[in-house]
Amino acid sequence: MSDPLLQVRGLSKSFHSGGGFLSRRRSAHVVHEVGFTLARGEVFGLVGESGSGKTTIGRMLLRLIEPDAGDIRFDGVDVRALAADELRRLRRRIQIIFQDPFASLDPRVRIGEAIAAPIRLHGLRPAAQVRDRVMELLDLVGLPPGHAGRFPHEFSGGQRQRVAIARALAVEPELIVCDEPVSALDLSVQAQVINLLSDLRTRLGVSYVFISHDMAVVRHLASHVGVLYAGRMVETGPAAAIFADPRHPYTRMLLAASPSPVPGARRQRAEIRGEPPSPFSAVPGCRFASRCPFVLDACRAAEPPLDAFRDDGHQAACIRAGELAPVRPLSDDESLMSPAYRLRMDLLRQARGTAAPR
Ligand SMILES: Nc1ncnc2c1ncn2[C@@H]1O[C@H](COP(=O)(O)OP(=O)(O)O)[C@@H](O)[C@H]1O
Ligand code: SF4
Ligand SMILES: [Mg+2]
C-alpha cells in the first residue's frame, strides 16, 4: 500500500488505579501492541465486544488519551511527537464522532451556530460565507437547511447524529474516527446513517476508522477489518476475506452473534457466551482459550502471534486458524437463511465435532 493515511504500530495502553495509602496499585492492560494501516479514502472497521479497548484506541489516535507505547503516523507525521500547537492543527484533520451525539453538541447552542463555530475558529471561510457553508453542510448530511435555528433536543437521535457528522465535516477533515456512531439508533435509522457515511466517503474522499461491536454494521462500510479481543488484534485483513472466510474462532462467534444484514431474513442471533479475561490479570497463552470451542493444551502455552494466513494481508492469531473448516457452500434450504444463521450452524457443528477440521 503506497502512502497510507494512517499507520499504527505496537499501540499499547494500561490504566492504573489505587496505589494510595490503603490500596494496592493495580494495572489494567487494555490495549496490547495493536497495529493497522489505513489507505486514503478507505474504511478500517475496528470490531470487538464492549470493553475490548476500541474507544481507548480511537481516542489514542487523536491523543485524547496518551499511549504508553507504539507509533501513530498520520500522513507521514509522527503524531506522538507533536507539540501542543501542532496537535491542535492535527485535530482539524482528524475528527471524532461518538455514540452519543450530545457528547459533541452543547444543548444550549443552536445547531447552525454549533456547525459555524469550528469554521470560524479555523478561518475556513470569510465571515460573509459562513452561513452559506452551514446550509451546504446541513444539506450534505440530509437535513433541511431551515433547521439551523433549532436546538439539539429538537432532533431525533438519527438527525442529531447527522448534525454531529455535519459539525465534524465543517473543518474538512481527512479522517473521521467514528466510535459506535449508530449503536444507539434504531435499526432502520442505523442503515440511513451508515448510507450517509458511505456516501460522504465517496463524495468527499474522507477516510474512517469505524468502531463497532457489531460485525453486521462494519460489513456495510469497511474495506479492511480488525477484530479486537481483550485489547489484542486477533484477526485482521481485507473485509471481503474476513467475512467470506473468518479464521479466528472469536471472529466466527462475533459473526454468528450479529443480526442478519439481509432485510427480511430470519433474525436469529447466537449468544456470545462467557466473559473475556480480566484486564488486571495476565493470561498465559491465547487469551480466547477460556471461551474457545477449539481449545487445545498447546493454546495455553504461548500467546499465538498474529500470523499471515494468506498473502492478501489476512492474518489471524490462532494456532488452529489453518485447520478450521471453511464456511460451507450453501444447500438450497440454507441459501434462504441469513449469513449469520448459517455461520451459527457451522459453529455449532464444529463445536460438536460433526464437521471435522480441514
Ligand atoms: N480511564 C480509564 N481508567 C481505567 N480503566 C479504563 C479507562 N477507560 C477504559 N478503561 C477500561 O479499559 C477497557 C477498555 O475500555 P474501552 O476502550 O472503553 O472499550 P470498548 O470501547 O471496546 O468498550 C475496559 O475494561 C475499561 O473498563
Ligand atoms: S489458539 Fe487455541 S484457544 Fe486460541 S483461538 Fe485458536 S484454537 Fe482457540
Ligand atoms: Mg467504546
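The legends below describe close-up views of a predicted model. Residues are numbered from 1 along each chain as its sequence is written, while chains are lettered from A and ligands numbered from 1 in the order in which they are written. In this predicted model, local features need pLDDT of at least 70, side-chain atom pairs count only at pLDDT 80 or more, and totals for chains, interfaces and linings use all residues; side-chain values use heavy atoms, with hydrogens and water left out.

**Figure 1. Overall fold of the protein.**
The protein has 10 helices and 12 strands; helices (H or I, at least four residues) and strands (E, at least two) are DSSP runs, numbered from the N terminus. Of its 358 residues, 49% count as buried. Buried means under 20% relative accessible area, exposed over 50%, and partly exposed in between (1.4 Å probe, protein chains only). Among contacts with a separation of 6 or more, 67% are made by residues 24 or more positions apart; contact means heavy atoms within 4.5 Å.

**Figure 2**
The structure holds two cavities of 30 Å³ or more, and about 100 Å³ of space lies in the largest cavity. Of the 14 residues that line the largest cavity, C286, C292, V295, C299 and C318 are the closest to its centre. On a 1 Å grid over the protein atoms alone, a cavity is a set of points where a 1.4 Å probe fits but cannot get out, and lining residues have an atom within 4 Å of a point. Grid points are joined across faces, edges and corners, and a volume is the space filled by probe spheres set on the points. The lining of the largest cavity consists of 12 nonpolar residues, one polar and one charged. Ala, Val, Leu, Ile, Met, Phe, Trp, Tyr, Cys and Pro count as nonpolar, Asp, Glu, Lys and Arg as charged, and the others, Gly among them, as polar. The largest cavity is the space taken by ligand 2; a molecule sits in a cavity if more than half of its atoms lie within 2 Å of its grid points. Of the 13 residues around ligand 2, those that come nearest are C286, C292, C299, C318 and I319, where a residue is near a molecule if one of its heavy atoms lies within 4 Å of it. This shell comprises 11 nonpolar residues, one polar and one charged.

**Figure 2. The largest pocket.**
The largest pocket has a volume of about 460 Å³. Of the 20 residues that line the largest pocket, R91, Q95, P118, H122 and R167 are the closest to its centre. Two or more lining residues are given by each of α2 (84–93), β6 (94–97), α3 (111–121) and α5 (157–169). A pocket is an open set of grid points with protein on both sides within 12 Å along at least five of seven lines. By class, this lining has 12 nonpolar, three polar and five charged residues.

**Figure 3. Surroundings of R120.**
R120 is found in helix α3 and is partly exposed, with a relative accessible area of 46%. Leaving aside neighbours within four places in sequence, R120 is in contact with E113 and V130. The C-alpha atoms of R120 and V171 are 9.5 Å apart, although the two residues are 51 apart in sequence.

**Figure 4. The loop residue E180.**
E180 lies in the loop between β7 (175–179) and α6 (187–204). At 10% relative accessibility, E180 counts as buried. Beyond its neighbours within four places in sequence, E180 is in contact with K54, Q99, I211, S212 and H213.

**Figure 5. Surroundings of P276.**
P276 belongs to the loop between α9 (249–257) and β11 (307–308). Its relative accessible area is 29%, so P276 is partly exposed. Not counting residues up to four places away in sequence, P276 touches E49, Y229 and R291. P276 and R287, 11 residues apart in sequence, are 7.8 Å apart from C-alpha to C-alpha.

S27 is found in strand β2 (residues 26–38) and is partly exposed, at a relative accessible area of 23%. Leaving aside neighbours within four places in sequence, S27 is in contact with F15, H16, P279 and F280. S27 and S281 are 254 residues apart in sequence and 8.7 Å apart, C-alpha to C-alpha. E33 also lies in strand β2, and this residue is exposed, with a relative accessible area of 64%. E33 has a positive phi of about 45° although it is not a glycine.
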